[in-house]
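Please open the structure in the viewer and keep the selection tool at hand.

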Amino acid sequence: MPTIEKLYTSIMDGRHDKNIKFHDLQKLLGILGFNYRIRGDHFIYFYEEFPENINIQPNGNMAKPYQVKQVREYLSKYHLGI
């Protein structure tokens, strides 16, 4: 498992979206303070003070590349980081 700093850098870099493990992405979102709820295999992460949610689901044990991109855009938009 990569360190949180390396994982965050890898996600924000955008060159390794297809190589991010789902569990690692969940761990990062948890460390950043997101709350979540589960609907089937959909994990819906949210901050109470922000109007948008992040909806992710696993592809095997990996995160879906387009959802990693959505996480990156959310983190950039709301200036969230480690």
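A residue is called exposed when its relative accessible area is over 50%, buried when that area is under 20%, and partly exposed in between. The model on the screen is a predicted one.

Select aspartate 13 and arginine 15, whose side chains meet in a salt bridge with an N to O distance of 2.9 Å. Arginine 15 has a relative accessible area of 66%, so it counts as exposed. Aspartate 13, at 35%, is partly exposed. This pair belongs to a set of three salt bridges in the structure.

**Second stop: a buried pair**

Next, select aspartate 17 and arginine 72. Their side chains also form a salt bridge, 2.9 Å from N to O. Aspartate 17 sits in the loop between H1 and H2, whereas arginine 72 belongs to helix H3; the pair therefore ties together parts that are 55 residues apart in sequence. Are these two residues buried or exposed? Both aspartate 17 and arginine 72 are buried.

Now select glutamate 52 and lysine 77, where a salt bridge joins the two side chains at 2.4 Å, N to O. Glutamate 52 lies in the loop between S2 and S3 and lysine 77 in helix H3, so that distant parts of the chain, 25 residues apart, are linked. Glutamate 52 is partly exposed, with a relative accessibility of 32%.

Select helix H1, residues 4-13, together with helix H3, residues 65-77. The two helices pack at an angle of about 100°, and their axes are 9 Å apart. Because angles of 65 to 115 degrees count as roughly perpendicular, H1 is described as roughly perpendicular to H3. Which residues make the contact? On the H1 side they are Tyr8, Ile11 and Met12; on the H3 side, Val68, Arg72, Leu75 and Ser76. Sorted by class, this contact of H1 with H3 contains five nonpolar residues, one polar and one charged.

**Last stop: the nonpolar core**

Finally, select Leu25, Leu29, Phe34, Ile54 and Ile56. Within the largest nonpolar core, which has 23 residues, these five touch the most other members. The elements giving two or more residues to this core are H1, helix H2 (22-31), strand S2 (42-46), strand S3 (53-56) and H3. Centre the view on leucine 29: leaving aside residues up to four places away in sequence, leucine 29 touches Phe34, Tyr45, Ile54, Ile56 and Val71.

Key. Residues numbered from 1 in each chain as written. Predicted model: local features only at pLDDT ≥ 70, side-chain atom pairs only at ≥ 80, totals over all residues. Heavy atoms only, no water. Axes fitted to C-alpha atoms, helices over the stretch in contact; angles between N-to-C directions. Helix = DSSP H or I, 4+ residues; strand = E, 2+ residues; numbered from the N terminus. Parallel < 35°, antiparallel > 145°, perpendicular 65-115°, else oblique. Contact = heavy atoms within 4.5 Å. Nonpolar A, V, L, I, M, F, W, Y, C, P; charged D, E, K, R; others polar. Core = buried A, V, L, I, M, F, W, Y, C linked by side-chain atoms within 4.5 Å. Buried < 20%, exposed > 50% of the residue type's maximum accessible area, 1.4 Å probe, protein only. Salt bridge = Lys/Arg side-chain N within 4 Å of Asp/Glu carboxyl O.
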